[in-house]
Amino acid sequence: MGEVVNTLKVMPESVDVDLEALKASITDVIPEDAELHEITEEPVAFGLVALNVVFIVEDGEGGTGPTEDAINNLADVASAEIVDTRRLM
């Protein structure tokens, strides 16, 4: 089994969300079986900024589910969805 690198796009509830606090919250809830690689900001529109969370998990059952669920359950997160998945060699 190999590893998979995933990009999860996190949309905050509004433009008023403190992105630094949200990044800290995301870092805190990443499951033990996932390795956080980076969090980058991506301007969307009208002052709204999405966060791209790049993390690595083992290629197997369950995959990205626990990480997606943990981040989707955070306050100030409107949605979080996988936008890219690649297998590491």
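1. Leaving aside its neighbours within four places in sequence, Asn6 touches Val53, Val54, Phe55, Val57, Thr64, Ile82, Asp84 and Thr85. Contact here means heavy atoms within 4.5 Å. The model is predicted: local features need pLDDT of at least 70, side-chain atom pairs count only at pLDDT 80 or more, and totals for chains, interfaces and linings use all residues. Residues are numbered from 1 along each chain as its sequence is written, and side-chain values use heavy atoms, with hydrogens and water left out.

2. Stay with Asn6. This residue sits in strand E1 (residues 3-12). Helices (H or I, at least four residues) and strands (E, at least two) are DSSP runs, numbered from the N terminus. Asn6 is buried, at 1% relative accessible area. Buried means under 20% relative accessible area, exposed over 50%, and partly exposed in between (1.4 Å probe, protein chains only). The side chain of Asn6 also makes a polar contact with the side chain of Thr85, at 3.1 Å. A polar contact is a pair of N or O atoms within 3.5 Å; within protein, one must be able to donate a hydrogen and the other to accept it, and residues adjacent in sequence count only if both atoms are side-chain atoms.

3. Now look at helix H2 (residues 65-72). Its buried residues are Thr67, Glu68 and Ile71. Seen down the axis of H2, these buried residues fall within an arc of 100°, so they line one face of the helix. The arc is that of the directions from the helix axis to the C-beta atoms. Their cover includes E1, helix H1 (19-29), strand E3 (48-58) and strand E4 (77-88).

4. Next, the charged pairs. The whole structure has five salt bridges. A salt bridge is a side-chain nitrogen of Lys or Arg within 4 Å of a carboxyl oxygen of Asp or Glu. One of them joins Glu41 to Lys23, with the closest N and O atoms 2.9 Å apart. This pair links distant parts of the chain: Glu41 is in strand E2 (residues 35-45) and Lys23 in helix H1, 18 residues apart. Glu41 is partly exposed at 41% relative accessible area, whereas Lys23 is buried at 17%.

5. Asp59 and Arg87 also meet in a salt bridge (3.6 Å, N to O). Asp59 lies in the loop between E3 and H2, Arg87 in strand E4, 28 residues apart.

6. Asp84 pairs with Arg86 in a salt bridge, the closest N and O atoms being 2.7 Å apart. Salt bridges that share partners also join Glu20, Lys23 and Glu41 into one network.
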